Amino acid sequence: MSFPTPGSIIDIQSYKHNGSLHRTWEDTVILKGSSSVVIAGNDRILVTESDGRQWRTREPAICYFNSKQWFNVIGMIRQDGFYYYCNLGTPYIWDNEALKYIDYDLDIKVFPDMSYILLDEDEYSLHRQMMKYPHELDYIIKKNLNELISMINQRKGPFEPGFIEQWYERYLEFR
């Protein structure tokens, strides 16, 4: 399988468990693409919701996807520091059309001081019932939620000091 090469511009698509398209991010620049990890950057890009509503992101961001982890991390670069938005979802796939994953509702927002809040537990509970998430899936999501929290607390992976700065500098080379 081929992966997008550094400098390539791709779309990112998230889906729901029932296969419906949830959200699309356009014009994301690949900084690293392999079978195990994709790191990408974007800035003030167009986002399209499933209902057709569109909006633009407000700041530069570095996106981290790992092929073995059931979450992805968006590091947002703001005036007062780095914020992270973490989506619980399937590992990514790349099909030469877009980078894709299934979004499983739960999110974590991490603040510059590395404190965090868990978001959308009610949405997860509702969709788990509506879309009949299997018990095995619920186990995987909760296990990966704990792994994600551990990475945040230990400042590992995309939360490691210098990670966002390093990849943002690389992103600027492609702008």
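1. Ground rules. This is a predicted model, in which local features need pLDDT of at least 70, side-chain atom pairs count only at pLDDT 80 or more, and totals for chains, interfaces and linings use all residues. Residues are numbered from 1 along each chain as its sequence is written, and side-chain values use heavy atoms, with hydrogens and water left out.

2. The largest pocket. A pocket is found on a 1 Å grid over the protein atoms alone, as an open set of points where a 1.4 Å probe fits, with protein on both sides within 12 Å along at least five of seven lines; lining residues have an atom within 4 Å of a point. Of the 29 residues in the lining, R23, W25, W55, M76 and Y85 are the closest to the centre.

3. What the lining is made of. Two or more lining residues come from each of β2 (21–33), β5, β6, β7 (71–78), β8 (81–89) and β10. Strand β10 contributes the most, with five residues. Helices (H or I, at least four residues) and strands (E, at least two) are DSSP runs numbered from the N terminus. By class, the lining has 11 nonpolar, five polar and 13 charged residues. Here Ala, Val, Leu, Ile, Met, Phe, Trp, Tyr, Cys and Pro count as nonpolar, Asp, Glu, Lys and Arg as charged, and the others, Gly among them, as polar.

4. One annotated set. An unreviewed UniProt entry places the feature "binding site" at N87, D103 and D107. These residues are spread over 21 residues of sequence yet cluster in space, with a largest C-alpha distance of 9.4 Å. The lining of the largest pocket takes in N87, D103 and D107. Do keep in mind that UniProt positions are given in the numbering used here, feature names are shortened, and annotations may be inferred rather than shown by experiment.

5. D103 and D107. D103 lies in strand β10, and D107 is found in strand β10. D103 counts as buried because its relative accessibility is 4%, where buried means under 20% relative accessible area, exposed over 50% and partly exposed in between (1.4 Å probe, protein chains only). D107 is buried at 5%. A polar contact of 3.0 Å joins the side chains of D103 and K16; such a contact is a pair of N or O atoms within 3.5 Å, and within protein one must be able to donate a hydrogen and the other to accept it, with residues adjacent in sequence counting only if both atoms are side-chain atoms. Beyond four places in sequence, the contacts of D103 (heavy atoms within 4.5 Å) include S14, H22 and N87.

6. A second annotated set. UniProt, again in an unreviewed entry, places "binding site" at D105, D107, D120 and E123. Their spread is 19 residues of sequence, but they cluster in space, with a largest C-alpha distance of 10.2 Å. The lining of the largest pocket includes D105, D107, D120 and E123.

7. D105 against D120. Which of these is buried? D105 is, with a relative accessible area of 1%, whereas D120 is partly exposed at 27%. D105 is found in strand β10 (residues 99–110), while D120 sits in the loop between β11 (116–119) and α1 (121–130). Leaving aside neighbours within four places in sequence, D120 touches Y85, D105, L106 and D107.

8. T57. This residue is in the loop between β5 (54–56) and β6 (60–66), and T57 is buried at 15%. The side chain of T57 reaches the backbone nitrogen of R44 at 3.1 Å and the backbone nitrogen of I45 at 2.9 Å. Outside four places in sequence, T57 is in contact with D43, R44, I45 and V47.

9. M131. Finally, M131 is in the loop between α1 and α2 (135–154) and is buried at 15%. Apart from neighbours within four places in sequence, M131 is in contact with K16, H17 and N18.
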